[in-house]
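This report walks through one protein chain, from its overall form down to single residues. The sequence and the structure are shown first.

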Amino acid sequence: MKRHVLIFGLVGGLLIATLQYTEYRFVIIEHSIELYSALVAILFATFGIWLGLRITRSREIIRETVVVKEVLVPAEAPAPFAPNTTQQQTLGITARELEILTLVARGFSNREIATQLFVSENTVKTHCSRAFDKLGAARRTQAVRRGKELGLLP
């Protein structure tokens, strides 16, 4: 009985080894192009990932410089500017026209004033021309100079 089991075991093992060998040959020989191309693809993908991580690694060196500088602060701050309201009422300049005239004096363009005040450029142009007429000025520089002379602008 042991002899029969031993013979059947050896024959079964030989058959299984033969089948595994033929399957291996079939896979390797018949599908060699697919296997080699898959191996090459895995190799290139691995190399690409490694190279990408290496290149994009942050090599930024942060240098911090501390500068100590003494700044003198005046003991008394100057009083804030208050426009001459009597001149403003005499000339009939509205608060919005004065606001736009102040921004003109600070050097803003019509587009920048419009953006800052959330109005259109045409509205700014209208307010500017009315303020210029009330101040008797033809240009922006004349209007600013006249506003400072009358105490409307700082």
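## Overall form

Of the 154 residues of the protein, 16% count as buried, where buried means under 20% relative accessible area, exposed over 50%, and partly exposed in between (1.4 Å probe, protein chains only). This is a predicted model, in which local features need pLDDT of at least 70 and side-chain atom pairs count only at pLDDT 80 or more, while totals for chains, interfaces and linings use all residues. Residues are numbered from 1 along each chain as its sequence is written, and side-chain values use heavy atoms, with hydrogens and water left out.

The radius of gyration of the protein is 44 Å, whereas a compact globule of 154 residues would have one near 15 Å. That radius is taken over C-alpha atoms, and the globule rule is 2.2 Å times the number of residues to the power 0.38. The C-alpha trace spans about 130 × 45 × 30 Å along its principal axes. The accessible surface comes to about 13,000 Å², and 63% of this surface belongs to carbon and sulfur atoms; such areas come from the Shrake-Rupley method with a 1.4 Å probe, and for residues only the protein chains shown count as cover.

## Elements and contacts

The protein has seven helices and zero strands. Helices (H or I, at least four residues) and strands (E, at least two) are DSSP runs, numbered from the N terminus. In order from the N terminus, the elements run α-α-α-α-α-α-α.

Contact means heavy atoms within 4.5 Å. Among contacts in the protein with a separation of 6 or more, 56% are between residues 24 or more positions apart.

## Helix α6

Helix α6 covers residues 121-135, which is 15 residues, and reaches 21 Å from its first C-alpha to its last, close to the 21 Å expected at 1.5 Å a residue. The expected span is 1.5 Å times one less than the number of residues. The buried residues of α6 are V124, H127, C128, A131, F132 and L135. They cover an arc of only 135 degrees around the axis, which puts them on the same side of α6; the arc is that of the directions from the helix axis to the C-beta atoms.

On the other side of α6, N122 and D133 are exposed. The cover over the buried residues of α6 includes α3 (85-91), α4 (95-105), α5 (110-117) and α7 (140-149). After α6 comes G136, with a positive phi near 70 degrees.

## Helix α7

In α7 the buried residues are A143, V144 and G147. Their arc around the axis is only 100 degrees, which puts them on the same side of α7. The exposed residues T141, R145 and E149 sit on the face turned away from that buried side.

What covers the buried residues of α7 includes α4 and α6. Just after α7, G151 has a positive phi of about 80 degrees.

## The largest nonpolar core

A nonpolar core is a set of buried Ala, Val, Leu, Ile, Met, Phe, Trp, Tyr and Cys residues joined through side-chain atoms within 4.5 Å. The largest one has 19 residues, and I100, I113 and L135 have the most contacts inside it. Two or more residues each come from α4, α5, α6 and α7, with the largest share, five residues, coming from α4.

Not counting residues up to four places away in sequence, L135 touches L91, I93, L101, A143, R146, L150 and L152. In soluble globular proteins, nonpolar side chains tend to be buried together.

## Single residues

Q88 is found in helix α3 and counts as buried, at 13% relative accessibility. Beyond residues up to four places away in sequence, Q88 touches I93, T94, A95, L98 and L152.

N84 lies in the loop between α2 (32-55) and α3 and is partly exposed, with a relative accessible area of 29%. Leaving aside neighbours within four places in sequence, N84 is in contact with L150, G151 and L152. The C-alpha atoms of N84 and L153 are separated by 8.6 Å, although these residues are 69 residues apart along the chain.

F118 is in the loop between α5 and α6. This residue is not a glycine, yet F118 has a positive phi of about 60 degrees. Most residues other than glycine have a negative phi. At 77% relative accessibility, F118 counts as exposed.
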